[in-house]
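Welcome! Take a look at the chain below, and then we will walk through some of its charged pairs and one of its helices.

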Amino acid sequence: RKLSEVIGQKHLLGENGPLRQIIENQRISSILFWGPPGVGKTTLSKIIAEELDLPHYQLSAIDAGVKEVRNIIEAAKRQGGAILFIDEIHRFNKSQQDALLGAVEKGVITLIGATTENPSFEVNSALLSRSQVYTLESLEKDDLLLLVNRVINEEEQIKKKKIQLEETDALINFSGGDARRLINILELIINSFGVNDIIINNQEVERIVQTKAAKFDKKGE
């Protein structure tokens, strides 16, 4: 919900991190977040909007078109500015990306785009030149363990249960550095017990999850 609660990305959000300084100084410009799934791209965009006290609009490039972009631009004009978060922005075609340019240049919207692909190759060069690219990294083991403990101790339905965390290696390995996947796996394991006394260890995790989701690039490597 706030910057201090974000797990990971210390190179950007640490005490002297460039993104933290920009947010705290209220001087943010358009941004492209480049990184793997489940590392906080969407969350960061919402926190930035909250910190800057701006409306937050969210689109997915997979199913949004020029019309949706223009509607948000018109709303932003009426509101005196807004954050527009576009997930998978590399999937926007040239006309869709071009529809953003004028509003970005005039400061009507502050664009935050998220992409799992290298923006140098996948994003319109005109849009790229108007945006700061920040690389987000997969979460490290310590980050993931912090997340596991936060879910167990703070999530409303889960914290009511008696959970004994014996081992975490399998949980961490199956997550692949993806916070969203880690939470899904954790909930799957907890729900599979059907009781309030739950023991989480490597054997139980491997039995329930079965397979690891491997990451592949476009060539399948």
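## Some ground rules

A residue is called buried when its relative accessible area is under 20%, exposed when over 50%, and partly exposed in between, using a 1.4 Å probe and protein chains only. This is a predicted model, in which local features need pLDDT of at least 70 and side-chain atom pairs count only at pLDDT 80 or more, while totals for chains, interfaces and linings use all residues. Residues are numbered from 1 along each chain as its sequence is written, and side-chain values use heavy atoms, with hydrogens and water left out.

Helices (H or I, at least four residues) and strands (E, at least two) are DSSP runs, numbered from the N terminus.

## Salt bridges across the chain

Side chains of opposite charge can pair when their charged atoms come close. Here a salt bridge means a side-chain nitrogen of Lys or Arg within 4 Å of a carboxyl oxygen of Asp or Glu. How many salt bridges does this rule give? The count is eight.

One of them joins Asp-169 and Lys-141, with N and O 3.8 Å apart. Asp-169 belongs to helix H9 (residues 169-175) and Lys-141 to helix H8 (residues 141-154), so this pair ties together parts 28 residues apart in sequence. Lys-141 is partly exposed at 44% relative accessibility, and Asp-169 is partly exposed too, at 40%.

Another salt bridge pairs Arg-130 with Glu-105, whose closest N and O atoms are 2.3 Å apart. Arg-130 sits in the loop between helix H7 (125-129) and strand S5 (132-135), while Glu-105 is in helix H5 (residues 94-106), so the pair links distant parts of the chain, 25 residues apart.

## A look at helix H5

After H5 comes Gly-107, whose phi is positive, near 80 degrees.

Which residues of H5 are buried? They are Gln-96, Gln-97, Ala-99, Leu-100, Leu-101, Ala-103 and Val-104. Among the elements that cover these buried residues are helix H4 (66-79), strand S3 (82-87) and strand S4 (109-115), where contact means heavy atoms within 4.5 Å.
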